[in-house]
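Here's a short tour to read alongside the model.

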Amino acid sequence: MSDVNVLVLTGYGLNCDHETAHAFTLAGAVSTRVHINALIDRDVTLDGFHILVFGGGFSWGDDHGAGVVQAVRMKTHLGEAIEHFIQSGKLVIGICNGFQTLVNMGLLPGFDNDYRSRKVALIHNDCGNFRDDWVNLKVNGKSPCVFTQGMDTMEYPVRHGEGKFYAEPDVMKLLTEQNQIALRYALGNGTPANGKFPENPNGSVNDIAGICDQTGRVFGLMPHPEAYSHAVNHPAWTRHKELAIRAGKPLDAFETPGIRLFRNGVNYIRNSIL
Amino acid sequence: MQKRLEIRLKPHLNDPEGEGLRKKAGAYFGMAIESVRTIQIVTLDADLTDAQFIQVKDDLFTNPVTQESSFEPLSTPFDWCIWVGFRPGVRDNAGSTAVEAIEDILDLKIRDGEAVYTSKRYCITGEGLTEEDMVTLASQLLANDIIQQYSVFSKDAWDSAKGVGFRIPKVKLDHTPTVSTMSVESDEVLKTLSDERNLALRAQDIPVIRNYFLRDEVKKDRETMGLTDPTDVELEYISQSRSDHCNHNTFQGIFRYTDISTGETLVENNLFKTYIKEPTLYLKDKKDWVVSVLWDNAGIGRFDENHNYVITGETHNSPSNMEAYGGAITGIVGVYRDPLGTGLGSKLVMGSYGFCVADRDYNGDYQPNLHPRRLLDGVIEGVKDGGNKSGIPTPFGQIYFEKGYLGKSLVFVTALGIMPATVNGKPSHEKRTTRGDLILMCGGRVGKDGIHGVTASSEVFSENTPAGHVQIGDPYTQKKMHDFILEARDEDLIVFITDNGGGGLSSSIGESAEISNGCHVELEKVPLKYDGLDQWEIWISESQERMTVVIRPESLNRFMELSRKHAVESTVIGTYTDTGKLHITYHGKTCAYVNMDLLSEGFPQWEFDAEWQTPERRGLFEPVTREPKDYNRLILDILNRPNICSKEWVSRQYDHEVQGGSVIKPLMGKERDVASDASVVRPVLTSERGLAFSQALLPTYSAIDAYHMTTCTIDEAVRRLIAVGADPDQIGGVDNFCWPDIQFHPENNPDGKFKAAQLVRSCRALKDMCMAYEIPLLSGKDSMYVDGHLKGRYGETLKVSALETMQFSASAVITDVNHAMSLDTKMEGDLVYVLGETADHLGGSEYYEHLGKVGLNVPQVKAAHYIHRYKALARAIETGLVASVHGVYRGGLAVHLPMVAMAGCLGMTVRLADILWEGEDVKRRDDRILFSETPGRFIITVAPSKKADFEKLFSGLGAKHVGDVTGENDALVIMGSNGEMKAELTVSSMKQAYKKRFGDER
């Protein structure tokens, strides 16, 4: 079986690179952390890779808008290479700061193959502060998003100060109609959070936590699936474990929803490209 | 050309920053503001074409979806407008990032002298707001005079064409760098010169310094370099090295300790050696997991066979008291450089915080530099940006309110790192400098920042403390440097590394040159932020985000290649030698030439008189109380007290899961809203091993006896670790002493002798506990002079000193994180145990404090007795015998039974009659059982099926079945000793009390 090669960006204040690479490895890929400048200087090219990851962090300190400067730098030096990467059927995922970068580059929402226009924004949380908390998420089953296929609800942590999704009504309409809204903040029972804090942690319009392009191959989300790569990452894992023991259930290792999301991407490449 | 770009959110979008200010103005000053809209200002002082200005405006600074911008003043309506910008020379992180980004988009270089500056203006509307209100807002909430400037504009005075004008806070030093010399003709002359220059040389050190420079062979030696009298560079070097901050003169001093009741006097020759170094070395020999202690920037313990972990703790008190945000961010970013500079460099894996401040709602007459509320807001935000932007989780911390911190607040920051045990086959914890090695400065540049910071933190805070030592840390620059250094380490390019913190190059190079026995530094090579710095300023500047890295000459090309890749500035500034000389030149001319062994010249030890008076002699006694009747209200009121209640508002601002290794989070339980005992992280993602970490602070016990304050603090930190499943045989400690001035002075410090005795006793306790629990001290620091002179309403000043405070941090490995434990009850029908006896220990307790009393019966630790139960509990957790574990800490059972019940969202019935009581039966009373703070205790829940095994394991160790876990809709019911119901509290009422105080803070 050929390797699925994942490139995880590092440098300039990005900081989730190690755990994101680790999570993709658990999902069956071969992941490499590559400094943004190594790509720009062409010491490394995108050619051999199948999945490009814009990970979490504070690129350029989040000064002048989260993800803004990273987007400018990537677009200036690698814009065409990345568009070519997408057109050739490969996957791009942006997590948190990576999602902020994708929308500022215009890779999302990518209406009608326009991967250059800024149509949506991720702005300061309504709560006025950075917030770390776990959220319930609901997948839009009709979305073409490759990464969320077969998933329905899950919990991941959010950790951001600028995660409020915003777009004008005409853009919202298109996103909705084209099922590009892949992931929404939800209540514990899976119904939409309807703006309720803290279930919707940032005031995102329409509870949006993640969107994809029309192909489903470019995906951005604020929550951190890579932070749920081990059962003990879940805030209630000690309860889950004790209740399972009492119920006489085996304590088998299970694939966390975080790894599951990445495995969807890895499997897609296996089935479509390799 | 200068252009000023104004950027705002589109008017229909919510402005959370403006909204935050509106709310704060209401909460702080009762000001009724209708709305606040913020405008970001980017002032570009650079020679760009019009097209280029427009390109950066559109592509970089304006989000077309949400923002509007203009090079003309925007027309946002207001009644009042406040502009806030930095003062010259203050670090403008966003301005620097803007320069990087502009260079990138336009593919050009911003020239020396050109720059980008960021500032803000706030457009405020509201009826009846006055100019005075605006000055209050600007000076109390928006700008700190030390680093920022502001202007207030009224609607009428606003010139819509001119706007705020052009404010360019550019540093202009019209100064030619000059080396000056100081006369050593007499002690008096040198002392006067030293004081004039703020050198803070101690009178006792001056004859030693003079003696050195007057020696014939020294004079002859110096003549060969064209030197006569000592230069300012040399004296600054000596002053830095001799400061209490660098040299720990207090802990290495002589203490004459007299117990007034017995009249016995004992001379302590060196507290550090006797109570810290010796026990730690003894334990290092005994514990094979201890890798490196007592010399490097941080201590090192073994994590697993391939990795070691690194830990250290610091305080950043004085700067935080002047500029809370800047001081705290500089503190946390600074402590992160310690593990990075330990061994050959370690990756940062977590940080923690401790804030000690006065009452947040203080409204008394004495005015600290910053009101406690503003100070706390600032330090919380500083640690937030410093930790989050560094990509390092902050999963633990504590906040303690006590009136003594009005004089000076405390900001503790702790850092843990992880490193491979070997680099290219060599142990990573060993490093040395050798003749011919290159000295490089990596990271930030040098400015006038922080000059005399080290000496200022060794002095009592007063109006005359130089403000120039306040800085703003830059986690972004440091994160780039962190990633770069780890890559260079892994390629085996680094032979020595240390950070530039207190004392700057003077400390980092001075100390590392002791290993090779000499160095030659060329100061003109040091990259500067701006021209005009004197040589001595370059040498001692504390500009942040810099490491001193040592490499072999043959590694230079590769090292610089990596440096460029990571966009980090690195510069060769000298070489190590073995000449026995610290040699500094500036453009070839010598400005310092001193013997490396000058600092071992026999400087006199500091001396202190210490007089111990027992609490009884000091007139302390137990308050006379009868049992309360309304326990429900009492318990709820105590759950709501500032030092007990939920600090979720702070924990959630801190990223505690980045790096993906989170196991036990700061908030746990069914609704993840109750503070956990300790944090557990998995720093190596491919391993199931974990690292547990906890901290404790119990300053109120110092009001009775700092010996017991210290033992209880350490016991609490240890129990916190045990509660989450740590291995009791692998606990390491970090001591952080924060003490008021202990040097007796009949007028200025009349109780200095008592405070000195408290320090001696605390050190004795530290050793006693470390030996009993076998805790080597992996690291530690002391910060003295926790005093402040506050202005009162009549213009008088009053000295306010903090209680003697020690923060103790503890770390330990958890062999398998899958066995880690949390505090929440898990299932109805489980049995509730209290492990450990309860005694009459209400002195200094939360309950007495609530009643406005201190008391006498301070809790006492029986460490040799407790250690057996801790080991048994560790076994019980590891073998799955228990369902939940929680230590009994401040507030006693009355606080910690509710914590367990709230976390599990289940009821609980507890029978006080079954609690084991230690001491006379006549003292046994239900309120004492509930509020006593006897250490050594835990609340444990156990499944009925495990009862027999559990009780067998704890046979003879004081585990007592005292109650049962009840259902989801049941309350916490406390049955009195006579069988009557004392309290009945629903989970929701307890949560309301626990959370309401700070619940809405954002």
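## Before we start

A quick word on names: a helix here is a DSSP run of H or I at least four residues long, a strand is a run of E with at least two, and both are numbered from the N terminus. Also keep in mind that this is a predicted model.

## Helix 1 of chain B

Let's begin with helix 1 of chain B, which has 14 residues. From first C-alpha to last, this helix reaches 19 Å, close to the 20 Å expected at 1.5 Å a residue.

Which residues of helix 1 of chain B are buried? They are B:Pro16, B:Gly18, B:Leu21, B:Arg22, B:Lys24 and B:Ala25. Their cover includes strand 2 (35-45), strand 5 (115-125) and helix 4 (131-142) of chain B.

## Helix 3 of chain A

Now for helix 3 of chain A, residues 68-87. A straight helix of 20 residues would span 28 Å, but helix 3 of chain A spans only 23 Å between its end C-alpha atoms. There's also a kink of about 80° in helix 3 of chain A, centred on A:Leu78. A:Leu78 is itself among the buried residues of the helix, which also include A:Val68, A:Met74, A:Ile82 and A:Phe85.

What covers those buried residues? Chain A contributes helix 2 (36-40), strand 3 (51-54) and helix 4 (97-105), among others, and chain B's helix 2 and helix 3 are part of the cover too. After helix 3 of chain A you'll find A:Gly89, with a positive phi near 90°.

## Where the chains meet

The contact draws 58 residues from chain B and 55 residues from chain A. On the chain B side, the elements giving two or more residues include helix 1 (16-29), helix 2 (50-61) and strand 25 (662-664). Helix 3 of chain B gives the most to that side, with 8 residues. By class, the side of chain B that touches chain A has 22 nonpolar, 16 polar and 20 charged residues.

## A sheet in chain B

Chain B also has an open sheet of 7 strands with mixed pairing, in the order 18-20-17-21-19-22-23. Strand 18 (496-499) and strand 23 (589-595) of chain B each have a single partner strand, so one side of each is left without a neighbour in the sheet. On average, neighbouring strands of this sheet are turned by 20° against each other, direction ignored.

Inside the sheet, strand 19 (residues 519-522) and strand 21 (residues 570-576) of chain B run antiparallel, joined by 3 bridges. B:Cys519 sits opposite B:Tyr576 in strand 21 of chain B.

Conventions. Residues are numbered from 1 along each chain as its sequence is written. Chains are lettered from A and ligands numbered from 1 in the order in which they are written. This is a predicted model: local features need pLDDT of at least 70, side-chain atom pairs count only at pLDDT 80 or more; totals for chains, interfaces and linings use all residues. Two residues are in contact if their C-beta atoms, placed from the backbone, lie within 7 Å. Ala, Val, Leu, Ile, Met, Phe, Trp, Tyr, Cys and Pro count as nonpolar, Asp, Glu, Lys and Arg as charged, and the others, Gly among them, as polar. Two strands pair if DSSP finds at least two bridges between them. Axes are lines fitted to C-alpha atoms, for helices over the stretch in contact, and angles run from 0 to 180 degrees between N-to-C directions. The expected span of a helix is 1.5 Å times one less than its number of residues. The bend at a residue is the angle between axes fitted to the seven residues ending there and the seven starting there. A residue is buried if 20 or more other C-beta atoms lie within 10 Å of its own, exposed if 12 or fewer, and partly exposed in between; C-beta atoms are placed from the backbone.
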